[in-house]
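Biologist: I am new to this structure. Could you walk me through it?

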Amino acid sequence: MRQAKGETMSVNHAQRVDLEVVADLIPAQSRVLDVGSGDGLLLELLQATKQVDGRGMELSQRGVNECVARGLSVIQGDADKDLEFYPDKGFDFVVLSQTLQATRNPKLVLDELLRIGKHAIVSFPNFGHWRVRLSLFLDGRMPVTKDLPYSWYDTPNIHFCTIRDFVNLCDELGATVEKATALDANGQKIGLSMPWWFWNFFGQQAVFLLKR
Amino acid sequence: MVALRAKRTNNEADEPSSPVLRFGADKPLKLDAGTLLSPFQIAYKTYGTLNEARSNAILVCHALTGDQHVASTNPVTGKPGWWEVLIGPGRIIDTSRFFVICSNVIGGCLGSTGPASTNPATGKPYGLDLPIITIRDMVRAQLMLVDHFGIEKLFSVLGGSMGGMQVLQWASSYPERVFSALPIATGARHSSQNIAFHEVGRQAVMADPDWHGGKYFEHGKRPEKGLAVARMAAHITYLSEAALHRKFGRNLQDREALTFGFDADFQIESYLRHQGMTFVDRFDANSYLYMTRAMDYFDLAADHGGRLADAFAGNKTRFCLVSFTSDWLFPTEESRSVVHALNAAGASVSFVEIETDRGHDAFLLDEPELFAAINGFIASAARARGLSE
């Protein structure tokens, strides 16, 4: 944990259009755990608009200290290691926003989210997006985009997946997809009527509401 | 000179220069040792004003060699209060807004009943006739003080090191009386290494011939050498290797070359000797034995069948824990295990680890990140408690 505690705060600060989508899924006064709470944007949004009982866990100590100084209830912790200490169904919602791809064991982390929360909300960048595919297909290089600004050698994002991959993992873990949303490059929701392959191609980010 | 000093400290033990609350035979203090302490007294200081709703009270718990003079000049040393950097008018813990209470712990030597106090049964100082005092005993006594003020629920309880142990004990024993809790640089138990250092200190005191089996006042003596050595050893544990090296390195003390003798050639030796010497002027040796023992005995999980989370079951208190990267007396892992237990209990907890090379003592120093964390935590707790700005 100590060596991982570098200066990279949670993972993708470039564009956080997913936060509003996540917030919309959470009813007022819920008990919420935000795993990978970063600079506390989501917790602050939820406290201001939904009066939630919000807690955060963040890998970067700098991020944690800033959150606590702003009055948020946040602890330093590692999603890969520290979720086991939380009791079953201790929260109404457990949120993992733009962090899944940076965990060492995404399957285990997702399993823990479904255990701790009555619902889990997971948002992640879709590696099946056409820009990513194009970069690999035409340039033959790992994609570096506005959303995924890191080079392959310095990225904290070690476990990318596509929307289809994620749906498969949910099946494997016995999770029910209660709601799914894909956002295009402009942060606009992609129509519900569109088929999965369309989401997987044009969705730049995905937000899933799950339960088990 | 020795006798004079002995007399003065003894007086501060019985008739302190701060307010005292005395409990007679009708209100004994129940001790974990299985006996009752009666009569007994608590010496305390308060700062600020208790509001009408009695909802703005903050209890500060002091560390091993601290006292009730947290935010005003210490009558024994003439130095500023030990946490004046944090507490006072306009400070982070603003005494124009909060009512701050700090009491000398039971077993202490600045006015609360301790080994230097006069035993009413004999007319002589208790010495080792005082039963062993535990952290929980200290907290039980503090509760009686808080009841005396008619405070139903403390807005916050905070403290570092042994003070942090009291904070954890408060939140565990009386969760409904504590709205928020700030345990700093502490742990839910004393580690084997910490007990080891304390034992070295106690043996140093007891090896001093002036200790007289704890009855030194009756001989007009004080075990100053032993207590000074105890303090020197302990003081090293409050710092860090990096801080010692930064401050002293291998620098020589007022000399150009090594003297090939056992004088204090090095600055660090001179510094430690000074720390030891000034400590014996303000602290009672037997009290040091009792305080260190209280910390050694502290094990919150053991009181709950070995499961720390059970110490906080159903707890509604808001917690904020703070540790320091270079603290090897209470390393971050000690705080983290408390955090995990609080998580398991579903409690509300924040946890900040602060990067510093100043070791355990960092909690007493001007650490901007510590102050920012305390400030944020207190401000949000005050909003939740409905306290006005």
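This is a predicted model: local features need pLDDT of at least 70, side-chain atom pairs count only at pLDDT 80 or more; totals for chains, interfaces and linings use all residues.

Biologist: What pattern does chain A follow along the sequence?

Modeller: Helices (H or I, at least four residues) and strands (E, at least two) are DSSP runs, numbered from the N terminus. Chain A has seven helices and seven strands. Read along the sequence, they give α-β-α-β-α-β-β-α-β-α-α-β-α-β.

Biologist: What is the radius of gyration of chain A?

Modeller: The radius is taken over C-alpha atoms, and the globule rule is 2.2 Å times the number of residues to the power 0.38. For 212 residues that rule gives 17 Å, and chain A comes close to it, so it is as compact as a globular protein of that length. The radius of gyration of chain A is 16 Å.

Biologist: Which element gives the largest share of the side of chain A that touches chain B?

Modeller: Two residues are in contact if their C-beta atoms, placed from the backbone, lie within 7 Å. By that rule, 16 residues of chain A are in contact with 20 residues of chain B. Helix H3 (61–69) and strand S3 (74–76) of chain A are the elements that give two or more residues to chain A's side. The largest share, five residues, comes from H3(A).

Biologist: How are H3(A) and H10(B) oriented to each other?

Modeller: Axes are lines fitted to C-alpha atoms, for helices over the stretch in contact, and angles run from 0 to 180 degrees between N-to-C directions. The axes of H3(A) and helix H10 (residues 368–385) of chain B come within 6 Å and cross at roughly 45 degrees. Angles under 35 degrees count as roughly parallel, over 145 as roughly antiparallel, 65 to 115 as roughly perpendicular and the rest as oblique. H3(A) and H10(B) are therefore oblique.

Biologist: Is H4(B) roughly parallel or antiparallel to H5(B)?

Modeller: The axes of helix H4 (residues 192–207) and helix H5 (residues 224–238) of chain B come within 7 Å and cross at roughly 165 degrees. That angle makes H4(B) roughly antiparallel to H5(B).

Biologist: How many residues of the contact of H4(B) with H5(B) are nonpolar?

Modeller: Ala, Val, Leu, Ile, Met, Phe, Trp, Tyr, Cys and Pro count as nonpolar, Asp, Glu, Lys and Arg as charged, and the others, Gly among them, as polar. In the contact of H4(B) with H5(B), no residues are charged, three are polar and 11 are nonpolar.

Biologist: How far apart are the C-alpha centres of domain 1 and domain 2 of chain B?

Modeller: The bounds, from an automatic or database domain assignment, are 2–191 + 299–385 for domain 1 of chain B and 195–292 for domain 2. Between them, 32 residues of domain 1 are in contact with 24 residues of domain 2. Their C-alpha centres lie apart by 25 Å.

Biologist: Where is the proline of the cis peptide bond from B:Ser38 to B:Pro39 found?

Modeller: That peptide bond has omega near -5 degrees. B:Pro39 is found in the loop between strand S3 (36–37) and strand S4 (40–47) of chain B.

Note on methods. Residues are numbered from 1 along each chain as its sequence is written. Chains are lettered from A and ligands numbered from 1 in the order in which they are written.
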